[in-house]
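These are my notebook entries on one protein structure. I set down what I looked up, in the order in which I looked.

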Amino acid sequence: MKWFCCVKCCSNDVEKYNDDVEANGFADGKVVDSMKGKRFSSQRANVANSFTFRELAVATQNFKETNLIGEGGFGSVYKGRLESGKVVAVKQLNLNGVQGNQEFIVEVLMLSLLRHSNLVTLIGYCTDGDQRLLVYEYMPLGSLENHLFDLEPDQEPLDWHTRLKIAVGAARGLEYLHCKANPPVIYRDLKSSNILLDNDFKPKLSDFGLAKLGPVGDNTHVSTRVMGTYGYCAPDYAMSGKLTIKSDIYSFGVVLLELITGRRAIDTTKKPGEQNLVAWASPFLKDRKKFVQLVDPMLQGRFSVRSVHHVVAVTAMCLQEQANFRPLIGDIVVALEYLASQAEIFEKRKSLTAVDSQYLPSKQDINHAPKKIYYKCKE
Ligand SMILES: Nc1ncnc2c1ncn2[C@@H]1O[C@H](COP(=O)(O)OP(=O)(O)OP(=O)(O)O)[C@@H](O)[C@H]1O
Ligand SMILES: [Mg+2]
């Protein structure tokens with residue numbers, strides 16, 4: 001909540017902000033100016049430092065290849081060390097890329113205003129000449145994507161409890177954006193590569209370049225050009241361009257499905273019927289008896305079927321075609337917190353072993369009758 005909630009914001013300001021950002025780049029400073037003296041002026045901002053290009057070149061050893069930690073649509077991301085000794089991630093805008101100034105300014109503005117332990121911290125930025133760079137806190141375990149897909153032979157798959165812990169943290173970040181920020185923020189780019197992980201697998205949402213200030217007053221949506229990432233984008237938003245907080249809930253459902261299955265939202269290396277995760281999963285999501293068949297084989301049966309049933313049920317609700325039927329993020333947080341706490345109880349029994357990795361549920365399990373535990377302790 002903090003100060004962000006106290007900001008009195010009228011709908012004209014929100015619309016002006018969204019319009020300005022759509023219309024103007026950073027270079028002419030119009031967006032920044034339009035917000036100065038309005039909503040932002042009285043706020044205690046999350047102070048982002050302005051860096052010179054030289055400072056960031058020194059920090060990354062001249063953007064040395066060995067410091068490259070990732071690449072996305074915006075540009076390359078390098079690990080670096082500031083003069084103060086702080087380790088950071090430096091994202092350099094690809095000047096020929098499709099994403100650009102507009103996302104840069106939204107990122108700086110949004111992350112200057114928003115503060116939550118499940119959102120990545122922006123340390124600073126650089127606008128020397130044509131250069132556009134963003135400096136973030138360094139997230140040692142990279143993105144969720146790095147831990148779910150195409151694992152190295154020596155890489156341990158995420159266990160069920162850690163997957164739920166990540167889902168809870170991401171949901172809390174989204175809850176802050178939807179319910180605690182005022183006006184609400186629609187994230188628009190929720191996906192596994194934008195969920196970064198600290199040393200303890202605590203997740204933080206990153207990349208707010210596509211974020212929009214949400215509807216205020218009686219409005220239920222904001223109209224925008226359809227943007228986001230294929231495979232995560234809600235069908236209603238893709239078709240109408242009407243963006244609502246329920247668009248984010250759909251994307252969250254896709255991330256949950258990735259966590260459950262260990263499959264990418266879009267995977268062109270798979271055979272035709274399996275390339276789109278939601279389409280592939282849809283018959284399983286409609287039939288409780290098939291829920292357990294969705295689970296990532298890398299888990300080798302190390303999960304409670306009961307827990308899987310509940311998590312898949314939440315996922316199916318998030319992925320409803322009709323936006324109105326998707327749950328609110330607050331309810332998702334409550335459900336996932338409970339499920340994660342239950343999964344932790346399993347996980348704490350370090351010496352548990354799976355009884356039967358090939359387990360398929362019986363009718364009794366499907367009805368949730370007794371609390372069935374599919375583990376036994378090593379004697
Ligand atoms: N703060 C950070 N700390 C550590 N690693 C990071 C950080 N930010 C980004 N990365 C790494 O860089 C990769 C690329 O990130 P980036 O946000 O540029 O692209 P993306 O999310 O993969 O794609 P897109 O541009 O479509 O959002 C991430 O997947 C992650 O591995
Ligand atoms: Mg990203």
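The entries below go from the whole chain to single residues.

**Entry 1. The whole protein.** I noted at the outset that this is a predicted model. I then looked up the secondary structure and found 13 helices and 14 strands. The protein has 379 residues, of which 40% count as buried. I also looked up the contacts with a separation of 6 or more, and residues 24 or more positions apart account for 67% of them.

**Entry 2. The shell around ligand 1.** How many residues surround ligand 1? I found 23, and the closest are Gly70, Gly72, Gly73, Ala89 and Ser193. Strand β2 gives the most, with 3 residues. By type, the shell divides into 9 nonpolar, 10 polar and 4 charged residues. I also looked up the domains: domain 1 (2-137) and domain 2 (144-378) each provide at least three residues of the shell.

Entry 3. Lys91 lies in strand β4. Is Lys91 buried or exposed? Lys91 counts as buried, because 25 C-beta neighbours lie inside 10 Å and the cut-off for a buried residue is 20 or more. Setting aside neighbours within four places in sequence, I found Lys91 in contact with Phe74, Gly75, Val77, Leu133, Leu134 and Tyr136.

**Entry 4. Helix α5.** I looked up the length of helix α5, which runs over residues 101-113. Its 13 residues reach 18 Å from the first C-alpha to the last, close to the 18 Å expected at 1.5 Å a residue. I then asked why α5 can be called largely enclosed by the rest of the structure. The reason is that 10 of its 13 residues are buried. Among them are Phe104, Ile105, Val106 and Leu109, and the buried residues also include Glu103 and Glu107.

**Entry 5. Arg132.** Where is Arg132 found? Arg132 is in the loop between β5 (122-126) and β6 (133-137). Arg132 is buried, because 26 other C-beta atoms lie within 10 Å. I looked up its contacts beyond four places in sequence and found Leu93, Asn101, Phe104 and Thr127. For Phe104 I noted the distance as well: Arg132 and Phe104 are 28 residues apart in sequence and 7.4 Å apart in space, C-alpha to C-alpha.

**Entry 6. Backbone angles.** I began with a general point: most residues other than glycine have a negative phi, and most peptide bonds are trans. I then looked up departures from this pattern.

- Asn62 has a positive phi, near 60°. Asn62 is in the loop between α4 (53-59) and β2, and it is exposed, because 11 other C-beta atoms lie within 10 Å and a residue with 12 or fewer counts as exposed.
- Asp150 has a positive phi as well, near 45°. Asp150 is in the loop between α6 and α7, and it counts as exposed, with 10 C-beta neighbours inside 10 Å.
- The peptide bond from Asn182 to Pro183 is cis, with omega near 5°. Pro183 is in the loop between α7 (160-180) and β7 (185-186).

Definitions and conventions: Residues numbered from 1 in each chain as written. Chains lettered and ligands numbered in written order. Predicted model: local features only at pLDDT ≥ 70, side-chain atom pairs only at ≥ 80, totals over all residues. Helix = DSSP H or I, 4+ residues; strand = E, 2+ residues; numbered from the N terminus. Contact = placed C-beta atoms within 7 Å. Near = placed C-beta within 6 Å. Nonpolar A, V, L, I, M, F, W, Y, C, P; charged D, E, K, R; others polar. Domains from an automatic or database assignment. Expected span 1.5 Å × (residues − 1).
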